[in-house]
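Me: I'd like to learn how to read a protein model. Can you walk me through one?

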Amino acid sequence: MRPQIALAVALFFTCGCGQSRLDELLQSAHSTDLDQQRQALRELADLGSEAAPAIPDLIELCGDSHADVRRLSGLALSNIATAVPADEPGQRGEIIDVLTKQLDDDEPAVRNTAAFGLLTLDPDHTGAQQRLETAMREG
């Protein structure tokens with residue numbers, strides 16, 4: 001095997017890319033082990049557009065009983081939406097809808113993460129602006 005091909009194959013398998021790695025992360029994201037969920041969701045957030053097949057799972061996890069799971073799912077969704085091309089407004093719009101709902105979450109960390117994500121996607125998002133202004137006033 002030529003060195004360039006061997007390097008490309010090694011990078012592919014070590015970078016966490018590929019469907020099997022995505023499947024593993026999704027399985028961990030649905031785990032009952034909260035630490036395992038958190039780690040998987042952080043990794044999904046880092047994948048950006050490569051995690052786009054996980055959008056339905058992440059939307060579901062935005063309704064989880066644990067605030068960290070909701071927050072990290074929202075973060076992953078906003079990172080995916082940031083990486084989604086503008087000519088794919090359907091996915092982006094669905095993510096914006098979910099993040100907008102998170103602005104009303106009981107937990108401040110979830111609300112604030114959603115607000116930052118929304119402002120990354122739409123700097124003029126009034127609800128996100130108001131959420132962060134409220135957070136600053138509340139300290």
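Me: What share of the contacts in the chain with a separation of 6 or more comes from residues 24 or more positions apart?

Reply: A contact means heavy atoms within 4.5 Å. Here, residues 24 or more positions apart account for 46% of those contacts. Keep in mind that this is a predicted model: local features need pLDDT of at least 70, side-chain atom pairs count only at pLDDT 80 or more, and totals for chains, interfaces and linings use all residues. Residues are numbered from 1 along each chain as its sequence is written, and side-chain values use heavy atoms, with hydrogens and water left out.

Me: How many helices and strands does the chain have?

Reply: Helices (H or I, at least four residues) and strands (E, at least two) are DSSP runs, numbered from the N terminus. This chain has 8 helices and 0 strands.

Me: Which residues of α8 are buried?

Reply: Buried means under 20% relative accessible area, with a 1.4 Å probe and protein chains only. In α8 they are Ala-128, Arg-131, Leu-132 and Ala-135. They sit on the same side of α8, because they cover an arc of only 90° around the axis (taken from the directions from the helix axis to the C-beta atoms). An α-helix has 3.6 residues a turn, so residues three or four places apart point the same way.

Me: At what angle do α5 and α7 pack?

Reply: Axes are lines fitted to C-alpha atoms, for helices over the stretch in contact, and angles run from 0 to 180 degrees between N-to-C directions. α5 and α7 pack at about 5°, with axes 9 Å apart. Angles under 35 degrees count as roughly parallel, so α5 and α7 are roughly parallel to each other.

Methods. Buried < 20%, exposed > 50% of the residue type's maximum accessible area, 1.4 Å probe, protein only. Parallel < 35°, antiparallel > 145°, perpendicular 65-115°, else oblique.
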